[in-house]
Amino acid sequence: MSKNNAPSVYAEISRIYHDPAANSLVPPLAKIDFLFDNGSMATAFLPPDQLTTSGLKKAVPRLRGLPDIRPLVRELNTQFADIMDGTVSNFETFSGLLLPRTGLQRLPDGHSLYVLGDQLIGPITTPVLPRPPVSYHMMLSPIQHPLAALFSELVYCSSAVVVPIIFLFTTLLRSWINEITPSWQAVLAITGGQGLGKTTLARKITDWICDSQNKPALLYSAGSTPAAIHDTMVTARDLPLVIDDLCLSASPKLQQKYRDLGAQFVREGTNASGISKKAGNQTMSFSCNAGIILTAEFALENPSDITRCIFIPLTQPPVVASSLTPELIGAACRRFIEWFLQHESEAAENFRKINSEEKPDDMHPRVFHNFLILRTVFSLALRAAREDGLSASSAEPITARYETGIEQSQQYQKKLLDDLDRSKKKGNLAFVLLECYGDPKVFNLTKNIKKLDKRDGIEWKNDLCLRPAALERAIRLQDGYQNYTLSKIARELKDMGALVIQEEGTLQVRLKKDTPRVYRIRFDALEEYEERF
């Protein structure tokens, strides 16, 4: 132990902790042990730029009562330089690992540790110092076999509960998954009307993560300050973050604001777009490291955003077993991580197989990939639960519930995409009419004008002549034209010069006396203006 000129205190750097992550910008931390002349002790952890008079006094308030600690500061800086230069004996004994982030940590010797809030999980073979930017307290049940207990409770829950639990497990491995296979691009979107339990379900699977006052740490209202949400998206690595209550509104302006906000959170949450944060005079872009859970009363409007979501559509409140507590879920998460660290290489092999699976023709690649990852995590979690004591008789109904939940999610997602696809025009009105004319199932035409009153129309002197009801019905059945009125259809045909007009005041004509009125549409004009989008 080194002595300085102030005899009332001794100080020594006992260890320097380094971040093992490649290309880390996190400075090392020095562990400093203090011994005061009355026998009391203190410890501080400081980066090199805080080995100053003010830095030491802030870290150890007792130093403020000493007349002059500048010699102590010089001594500690000399110690730090000697250790970093490797000029001290037994240099290796001064080295430790700094873990400045939550989640899975890859160590230099090849094995992994996991920082779960205030919990450090995994075999420790060298001194480590967990130091995440935010301190979370984990509420964990002391039950002996929590993973088996959790899965046993899921037997009595709705399928809408099982999929979010698996999404939670997937979030715990988010950083690791992104190393193994192409980016896990998924946000969990719990949708449905008021009073269906969206927030209750989201909180059920996340309330075990608390702040220093034992309040939910990762629950934000959609109306919260964007900066606070963005900070947590960056720092809550491998943890679930709930953004709650994207609600419908009577105000169209506010309604669109929430829709835009939901789309923004999806893109940022899947790293389709960066998270912009001010750093001094500069604006920097960061990645989301948390697993985002949205609750919303509406679905998204953009196909790209929809394919980045795993939906839990609620039409009625889900059944949740009363004993499915946040504490049990938290303890099960810890047990799953313990199991995963012991089977990491096997899990990696399972994930690598994902890239060789063949995608169905009717499924978007991103959707296919996201559900494959979810399925792989489910199989790992189920195996871990079996090894934790879950019975085979319980595993079967849980699997059935999981598969039902996935099917409901995929059907809902497909309907959203199909509805959006149907809202897009495939071509202009000329294109649509020619397509309809070419399909005998659309128009029931006659060749005999005397039978026109019983048919949809007739081809007359190289013109397509359609009765009003038949024209309106056919156009409104086409994608993107569902809201067209007969007057709008006629106006567009007139604007392109496709209508033959006989008299002022009406766009309809009679081909012969005593025949019903029709819209006489010129084929040559349709062919001239035809445009496929």
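Let me begin with an aromatic cluster, which is formed by Phe169, Phe336 and Trp339. Please keep in mind throughout that what you have on the screen is a predicted model. The count of aromatic pairs in the chain comes to ten, and one of them is the tilted pair of Tyr17 and Phe45, whose ring centres lie 6.2 Å from each other with 55° between the planes. That pair links distant parts of the chain, since Tyr17 belongs to strand S1, residues 9–18, while Phe45 belongs to strand S3, residues 41–46, and the two are 28 residues apart. Are these two residues buried or partly exposed? Tyr17 counts as buried because its relative accessibility is 6%, under the 20% cut-off, whereas Phe45, with a relative accessible area of 24%, is partly exposed.

A second pair to look at is that of Phe167 and Trp184, which is tilted because the ring centres are 6.0 Å apart and the planes stand at 40°, between the limits of 30 and 60 degrees. This pair, too, links distant parts of the chain, with Phe167 in helix H4 and Trp184 in the loop that runs between helix H5 (174–180) and strand S10 (187–191), 17 residues apart. Both Phe167 and Trp184 are buried.

Staying with helix H4, which covers residues 159–172, we also find Thr171 there. Why does Thr171 count as buried? Its relative accessibility is 1%, and so it falls under the 20% cut-off. If we leave aside the neighbours within four places in sequence, the residues in contact with Thr171 are Asp238, Leu239, Pro240 and Gly291.

Now to the backbone, and to two asparagines in loops. Most residues other than glycine have a negative phi. Asn214, however, has a positive phi, near 60°, and it sits in the loop between strand S11 (209–210) and strand S12 (219–221). With 48% relative accessibility, Asn214 counts as partly exposed. For Asn271, phi is likewise positive, at about 60°, although this residue is not a glycine.

Asp439 is partly exposed, its relative accessible area being 31%. From C-alpha to C-alpha, Asp439 and Leu499 are 21 Å apart in space, and in sequence they are separated by 60 residues.

Let me finish with the chain as a whole. It contains 17 helices and 21 strands, and its C-alpha trace spans about 120 × 60 × 45 Å along the principal axes. Of the 533 residues, 49% are buried, and among the contacts with a separation of 6 or more, 66% are between residues 24 or more positions apart. The chain exposes about 25,700 Å², of which carbon and sulfur atoms supply 48%. As for charge, there are 61 positive and 60 negative side chains, and the centres of the two sets lie 6 Å apart.

Conventions: Residues numbered from 1 in each chain as written. Predicted model: local features only at pLDDT ≥ 70, side-chain atom pairs only at ≥ 80, totals over all residues. Heavy atoms only, no water. Helix = DSSP H or I, 4+ residues; strand = E, 2+ residues; numbered from the N terminus. Buried < 20%, exposed > 50% of the residue type's maximum accessible area, 1.4 Å probe, protein only. Contact = heavy atoms within 4.5 Å. Areas by Shrake-Rupley, 256 points an atom, 1.4 Å probe, with all protein chains shown as cover. Lys, Arg positive; Asp, Glu negative; His and termini not counted. Charge placed at Lys NZ, Arg CZ, Asp CG, Glu CD. Phe/Tyr/Trp six-rings, centres within 6.5 Å; stacked < 30°, edge-to-face > 60°.
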